[in-house]
Amino acid sequence: MRESLKNKQERMRHILKRLFETYPNSKCSLEHTSPFQLLISTMLSAQCTDDRVNKVTPELFKHYPTAITMAAAPVDHLAELVRSTGFFNSKSKNMSACAIALMENHGGEVPADLDALVKLPGVGRKTANVVLGTGFHVPGLVVDTHVIRIANLLRMTKQKDAVKIEFELQKIIDKEYWVMFTHLIIDHGRAVCIARRPQCHKCVLAEYCPSVLPEEAIRVRK
Ligand code: SF4
């Protein structure tokens, strides 16, 4: 039977409460000191772990901390600095082009606007929402691989497309929790609801998750 929107919203409130209790220090794990650095770090996190990104950005931002410095950087040097994050040729070209576009169109500042952000080279909707939510505290719902997987397991959506999921979740989750929802789900995806081996027996969401493994559900509810 199809679950009503009202029911999903109610179930989501319980899920969020449990996640907040379980991960009280949940936050963006990319280290940054400005919206520009968050933008670049998020671009680098494509196909790469946040830990790996955090290992290269101190040196990268020591050389090029701002749009004006990165716009003038040799692309080869950018590539060398971010080599270990993978896809370093395209990432370095995008970083350079993005910094140049910020200088040309936004006075070197990162715009706090989704439409303007997605026009920047190498910036997709996911990156833009990270920057809006974490960099500017503008509600943005980031849909990454953890969110796609776990939102499906929780049957909040049947979609696999990130943008469609974003719009569906926006109807289910109160706006004030959009940013935290992603941080919490990422923490849960790393710690418990791990891809291909979800630890349902120790999951705080088991009671609210239609995908909980049946034998585990019995153990959880005892
Ligand atoms: S009950 Fe299992 S499938 Fe559901 S969220 Fe928890 S770990 Fe993931």
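Helix H6 is followed by Gly107, whose phi is positive, near 60°. The model is predicted: local features need pLDDT of at least 70, side-chain atom pairs count only at pLDDT 80 or more, and totals for chains, interfaces and linings use all residues. Residues are numbered from 1 along each chain as its sequence is written. Helices are DSSP runs (H or I, at least four residues), numbered from the N terminus.

**Helix H6**

- Helix H6 covers residues 88–106, and its 19 residues should span 27 Å at 1.5 Å a residue; the expected span is 1.5 Å times one less than the number of residues.
- The end C-alpha atoms of H6 are 25 Å apart, which agrees with that expectation.
- Among the buried residues of H6 are Lys91, Asn94, Met95, Cys98 and Leu102; buried means that 20 or more other C-beta atoms, placed from the backbone, lie within 10 Å of the residue's own.
- The buried residues of H6 pack against H2, helix H4 (67–71) and helix H5 (75–82), where contact requires C-beta atoms, placed from the backbone, within 7 Å.

- Gln47 is not a glycine, yet its phi is positive, at about 55°.
- Gln47 lies in the loop between helix H2 (35–44) and helix H3 (50–63).
- Gln47 is exposed, with 9 other C-beta atoms within 10 Å; the cut-off for exposed is 12 or fewer.
- Arg196, also not a glycine, has a positive phi of about 70°.
- The loop between helix H11 (178–191) and helix H12 (214–221) holds Arg196.
- Arg196 is exposed, with 5 other C-beta atoms within 10 Å.

Key
Helices (H or I, at least four residues) and strands (E, at least two) are DSSP runs, numbered from the N terminus. Two residues are in contact if their C-beta atoms, placed from the backbone, lie within 7 Å.
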